[in-house]
Amino acid sequence: MDQEVEQLGQHVERMLEVVRRLAEENASLRGQLAESRNANQLLQQRISEARARVESALSRLPLTDGALTVDDDALAADRAQ
């Protein structure tokens with residue numbers, strides 16, 4: 001009986017160690033996720049700013065007899081991304 005209790009205690013200790021390790025890993029992964037989300041948000045902002053600069057530059061280009069046209073549907077689709 002004492003041996004069974006000892007084995008059970010060892011098993012519980014191993015499980016507690018796994019739980020602790022998983023909790024630490026989870027916290028680390030949550031931190032990495034937050035950093036990735038922040039980086040993604042920054043990149044999305046930079047893309048938006050670059051798109052605005054390109055659209056502004058395109059709007060200043062002269063349009064001549066269909067030599068250069070801006071496809072409004074394509075621009076709308078790009079903005080949606």
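The chain folds into 2 helices and 0 strands, where helices (H or I, at least four residues) and strands (E, at least two) are DSSP runs numbered from the N terminus. The model is predicted, so local features need pLDDT of at least 70 and side-chain atom pairs count only at pLDDT 80 or more, while totals for chains, interfaces and linings use all residues. Residues are numbered from 1 along each chain as its sequence is written, and side-chain values use heavy atoms, with hydrogens and water left out.

Of the 81 residues, 1% count as buried; buried means under 20% relative accessible area, exposed over 50%, and partly exposed in between (1.4 Å probe, protein chains only). The chain exposes about 7,400 Å², of which carbon and sulfur atoms supply 54%.

Leu 8, Val 12 and Leu 16 make a nonpolar surface patch of about 250 Å². Within this trio, Leu 8 sits in helix α1, which spans residues 2-60. Leu 8 counts as exposed because its relative accessibility is 54%.

In general, side chains of opposite charge can pair when their charged atoms come close. Here Arg 20 forms a salt bridge with Glu 17, with the closest N and O atoms 3.6 Å apart; a salt bridge is a side-chain nitrogen of Lys or Arg within 4 Å of a carboxyl oxygen of Asp or Glu. The structure holds 1 salt bridge. Arg 20 is partly exposed at 44% relative accessibility, and Glu 17 is partly exposed at 45%.

Definitions and conventions: Areas by Shrake-Rupley, 256 points an atom, 1.4 Å probe, with all protein chains shown as cover. Patch = residues over 30% accessible without salt bridge, like charges linked within 9 Å, V, L, I, M, F, W, Y side chains within 5 Å.
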